[in-house]
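Notes below, in the order I looked things up.

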Amino acid sequence: MSKRTKGEPGTRHAIAGKPVPLVDGIEKVTGKALYTADLETEDALIGRILRSPVSHGLISRLDVSKALALEGVRAVVTGADCDHTYGVIPIAMNEYPLARDKVRYRGEAVAAVAAIDAATAELALELIELEIEELQAYYTAEEARAPDAVLLHDDKPGNLEREVHHEFGDLQAGFSNAAFVLSERFDCAEVNHAQMEPHAALAYYDDERSRLTVHSVTQVPFYVHLMLARCLNMDASRIRVVTPFVGGGFGSRTETLNFELIVALLARAANGKVMMRLTREETLITHRGRPHTTVKLKIGMTNEGRIAAVECETVQRGGAYAGYGLVTILYAGALLHGIYDIAAIKYDGYRVYANLPPCGAMRGHGTVDVRHAFECMIDRMARELGLDPFQVRRMNMVAAPSRTLNDLMVNSCGLGECIDAVEKASGWKERKAKLPPGRGLGMACSHYVSGAAKPVHWTGEPHAVVSMKLDFDGGITVFTGASDIGQGSTTMVALAAAEILNVDIARIRLITNDSAVTPKDNGSYSSRVTFMVGNAAIEASKNLRKILVAAAAKKLDANPEDIICEAETFSVRGSEQSMMSFADVAIAALADDGTINVKGTFTCPPEAQGGKHRGGAVGSTMGFSYAAQVVEVSIDPDTCLVTVEKVWAALDCGFAINPLAVEGQIEGSVWMGMGQAISEETVYANGLPVHGSLLEYRMPTIVESPDIDVTIVESIDPLGPFGAKEAGEGALSGFPPALVNAIADAIGIDMNTLPVRPDRLMEALVARRRKDKITARNSEEVS
């Protein structure tokens, strides 16, 4: 059970703020929930993809005639069937659904078939004749940036997708004023989301009406809708996108993916229905994970612990296509700001193409690896200067309200309370430096945005829209296009409506993610849903409440200002006799015009939308979450296996609309950070992913999962719904550095490479012992 600081349940709200099981939880735990791969497909063709066997090359021959002639094959599509690129960033769309002329990574989609069954589809793939003239392939950022390297994309010199150069404040003066300057390099492995549900999509094309319906696992049905219209040359009004239950996303589905477009191309070519279920290996190849990142960091600090200046260079190996790369490399620099008050920061970022599956957004998008390096170095500098790491963080905390050097808005900050909470809960002062040999404590802080203040596709529309319907049955139906990917956003919307309308949550039903029914939503990414959709839901509820209050006032012969609604009962203030049930008020409200439809919207205020410098919109948000963690580890002296014994995590989420869901999100963030810290990494052999299943891709299981002590801090953000901010990403990036700092406390070794596998730790330990022996020998010779 989590602990809370401020905002105890029921102190301000009747419903919001109390722990509530997720409204879709029963379907999920009983197996009744239908995910995309579960949809009825008896009348559907089976889609399969032919993938490139090489990492880089020119397609010299592609003959599909034998496959097309095979009995049972209904359609075959290639790059020739779509000459439009797609992507998530309007100015960086350089990927085709199926490769045209050139392949850029091993496993890239080259052709696809739709057949009457899986066996026929697989046989058809074998009949496709593919010849590729191989080109030099590059699997590291260093290789791809070499002066003589072949370009993956002709319009990207040096194989650079994007380079960023930002400098704020007087860097030279900052370092001059520092008593201690430390420079180090960190290497963080590429990691994958490894969500529970493999990718799948079902498409149906009605040739007579020229209409397309696509069901998919996406987190961003609006973006998928846009790319379907673009790549299939269709009017968007002829397309319907539906997202059923989603079995996790973590960013893997925050952009349109090639299989979603391919299955639509196949459905149109076959004039029918096509189901495509990707294997786990194909899901891992589709990727979009966190890129391999090298961080070179230089920090200057005063004797008292004030951070005087920061200089950071970040290189990300982004894979073969642009994807979110432009945003990711900007985030890495932008979020150096927003947590500590630093007078001077310089950032140089390089997003590099390589012949590997494209990277993209992943939980804690852009900030995790740089924050890891930063928090490790802060600890090391505090140690060198003889300072308390907790006090160093307290001394440098950003103030609220304020604006950062790069013009990000900070309206609320509970980082101080988070630091206090984990310091006390972990018994840091009493236990630090008193643990048994091989055991240690480490701490770190982190933060994250509550949604990007500027949408990727700028249309001028509100950033979120929620509509509501009240009809004869007295039920309130809420429509939202926001995807619930397991974070509990649907429950959050229901709670917001129930709180404002003062009704039982059981009276509210949710309809989500169907472009033919629900209002457009930009999608579930960057932790935007609670802040934006939550505010839109509150406004819609207030609009409906006004109508109901007016109807009650009319019936009770009172002024609307005197009407009170509590526990589904409307009454007149000061009167014990005049009251009506919610059902009676609903009937009265419906009497004049019938079914009542209202909506609410939310748009981020201009002051939240970032600075005027190039790329200044990235990192801008209405509110930052803040987190602090303490991690306790033990290290086996023989194998160097790191065991996480316990974690204390505190997160400032503004206000916990549903503390049960917030606690789960904090635990999930910690657990995901632990995977990146101790075991997870993608591995390629000449471009071939050798992590083809969850056996090879080592993420923690329940065996490795420690006890996680959670504290919820509530700073009450002035713009957030009921004061809420994000809760699903802020705690992640604090875990890896807290773990590395705990290892340093346990055995005195600072690790600069993630994950901290036993073999890497053993190598570092052996190297230190060798160095100690040499030092001792030299001392003897001198004496």
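Before anything else, my burial cut-offs: buried means under 20% relative accessible area, exposed over 50%, and partly exposed in between, with a 1.4 Å probe and protein chains only. Helices (H or I, at least four residues) and strands (E, at least two) are DSSP runs, numbered from the N terminus. Residue numbers start from 1 along each chain as its sequence is written, and side-chain values use heavy atoms, with hydrogens and water left out. The model is predicted, so local features need pLDDT of at least 70 and side-chain atom pairs count only at pLDDT 80 or more, while totals for chains, interfaces and linings use all residues.

**Entry 1: strand 28 and its partners**

I started with strand 28, where 8 of the 11 residues are buried, so the rest of the structure largely encloses this strand. For pairing I go by DSSP: two strands pair if it finds at least two bridges between them. Strand 28 pairs with strand 27 in the antiparallel sense, over 10 bridges. I noted Val631 standing opposite Val647 in strand 28. The hairpin of these two strands has 6 residues between them, and Cys640 takes a positive phi there, near 60 degrees.

Which way does strand 31 run against strand 28? The two are parallel, joined by 7 bridges, with strand 31 covering residues 707-713. Ala649 has Val710 of strand 31 as its bridge partner.

**Entry 2: helix 19**

Next I checked helix lengths, taking the expected span as 1.5 Å times one less than the number of residues. Helix 19 (residues 758-782) has 25 residues and should span 36 Å; its end C-alpha atoms are 36 Å apart, so the two agree. Arg760, Leu761 and Leu765 are buried in this helix. What covers the buried residues of helix 19? The cover includes strand 27 (624-635), strand 28 (642-652), helix 18 (735-747) and strand 32 (753-754).

I ran the length check on helix 15 (residues 529-556) too. Its 28 residues reach 38 Å from first C-alpha to last, close to the 40 Å expected at 1.5 Å a residue. Asp557 follows helix 15 and has a positive phi, near 55 degrees.

I traced an open sheet of 6 strands with mixed pairing, in the order 8-16-15-14-9-32. Strand 8 and strand 32 stand at the edges with a single partner strand each, so one side of each has no neighbour in the sheet. Strand 8 runs antiparallel to strand 16, and 8 bridges join them. His166 stands opposite Tyr347 in strand 16.

**Entry 3: cavities**

For the hole search, a 1 Å grid goes over the protein atoms alone; a cavity is a set of points where a 1.4 Å probe fits but cannot get out, and lining residues have an atom within 4 Å of a point. How many cavities of 30 Å³ or more turn up in the whole structure? The search finds 6.

The largest cavity has a volume of about 90 Å³. Its lining is 15 residues, and His166, Gly333, Ala334, Asn406 and His613 lie nearest the centre. Strand 8 (160-168), helix 9 (325-334) and strand 16 (345-353) each supply at least two lining residues, and helix 9 gives the most, with 3.

Helix 10 (residues 368-385) supplies the largest share, 3 residues. This lining divides into 3 nonpolar, 5 polar and 2 charged.

**Entry 5**

Strand 4 (residues 73-78) is mostly covered, with 5 of its 6 residues buried. Its antiparallel partner is strand 6 (residues 109-115), through 5 bridges. Val76 stands opposite Val113 in strand 6.

Last stop was Ile128, in the loop between helix 3 (118-127) and strand 7 (129-134). Buried or exposed? Ile128 counts as buried because its relative accessibility is 8%. With contact taken as heavy atoms within 4.5 Å, and residues up to four places away in sequence not counted, Ile128 touches Leu50, Leu62, Asp63, Val64, Ala67, Ala111 and Val113.

Terms used: 1 Å grid on protein atoms, 1.4 Å probe; cavity = no way out; pocket = protein on both sides within 12 Å on 5 of 7 lines; lining within 4 Å. Points joined across faces, edges and corners; volume = space filled by probe spheres on them. Nonpolar A, V, L, I, M, F, W, Y, C, P; charged D, E, K, R; others polar.
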